[in-house]
Amino acid sequence: MNTYLIKKTTAQFAEDINWKQTDIMWLTANCGDGSALYKTKCCLAYNDKGIFYRFEVEDDKINCTMRKYNAPIYNEETVELFIQPTQDKTHYMEFEWNGIGGVFCAQVTNDLKGSTSLDFMQKNIIDSKIYATEYGWIVQGMLPAKLFNAKFEGDWKFNAYRIKKDKNDEQILLSYSNTIVPNYHIPDKFAVLKFEK
């Protein structure tokens, strides 16, 4: 099982973090063969304000149309974080961003039998910014602490994902901790998020 050490920061905004000093997680083909058609990396940091995130995304074309908050952007192309603050596998948070500013935030209830339901956060309180690069795009920002209702300590569970469409409109699935099956809602495959003291 993958483990990611999330380091503490004194920064107030994602823009102030020296991301080169954080640990990098590389996303690979979700099938588990270790390949990655599009390079995608994610870094995390935290303090009492919340969890800071940064995705650096290699992309040749952004196939996105949805900008409205909580639109089903997972049907197009996204990067995603699933974060489970407790040992309860049936409840975790789902966060998504696309390359044109779309944001998605919901509490997931998973019956662990193949069915999930979503309780959407009605107001977007997530700080997120998109930057174009010569190789694709970057999204970074902060998830406020009040989204989690838990102390930033010990070991949580989480996963990081990417959905990319190929030329035939088929999904390319990438993940930090591969779920193997074409489904990201597999809590048993989540990685460990270890908080630096």
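Modeller: A nonpolar core is a set of buried Ala, Val, Leu, Ile, Met, Phe, Trp, Tyr and Cys residues joined through side-chain atoms within 4.5 Å. The model above is predicted.

Colleague: Which residues have the most contacts inside the largest nonpolar core?

Modeller: They are L44, I51, L81, F95, W97 and L143, in a core of 44 residues. Take I51 as a case: leaving out residues up to four places away in sequence, I51 touches I6, L44, A45, Y46, I83, G141, M142, L143, F148, F152, W156 and F195. Another core, of 8 residues, lies apart from the largest one and includes Y161, I163, L173 and Y184.

Colleague: How many disulfides does a search of the whole structure find?

Modeller: A disulfide is a covalent bond between the sulfur atoms of two cysteines. To count here, the two sulfur atoms must lie within 2.5 Å. The search finds 0. For C42, the nearest cysteine sulfur is that of C43, 6.5 Å away, and C42 is in no disulfide. C43 is in no disulfide either.

Colleague: Are C42 and C43 buried or exposed?

Modeller: Buried means under 20% relative accessible area. C42 has 0% relative accessibility, so C42 counts as buried. C43, at 4%, is buried too.

Colleague: What lines the largest pocket?

Modeller: That pocket has a volume of about 290 Å³. Its lining has 14 residues, and Y74, I163, N183, Y184 and H185 are the closest to its centre. By class, the lining divides into 7 nonpolar, 4 polar and 3 charged residues. The second largest pocket holds about 160 Å³ of space, and its lining includes K89, N183, H185 and D188.

Notes:
Residues are numbered from 1 along each chain as its sequence is written. This is a predicted model: local features need pLDDT of at least 70, side-chain atom pairs count only at pLDDT 80 or more; totals for chains, interfaces and linings use all residues. Side-chain values use heavy atoms; hydrogens and water are left out. Buried means under 20% relative accessible area, exposed over 50%, partly exposed in between (1.4 Å probe, protein chains only). Contact means heavy atoms within 4.5 Å. On a 1 Å grid over the protein atoms alone, a cavity is a set of points where a 1.4 Å probe fits but cannot get out, and a pocket is an open set with protein on both sides within 12 Å along at least five of seven lines; lining residues have an atom within 4 Å of a point. Grid points are joined across faces, edges and corners, and a volume is the space filled by probe spheres set on the points. Ala, Val, Leu, Ile, Met, Phe, Trp, Tyr, Cys and Pro count as nonpolar, Asp, Glu, Lys and Arg as charged, and the others, Gly among them, as polar.
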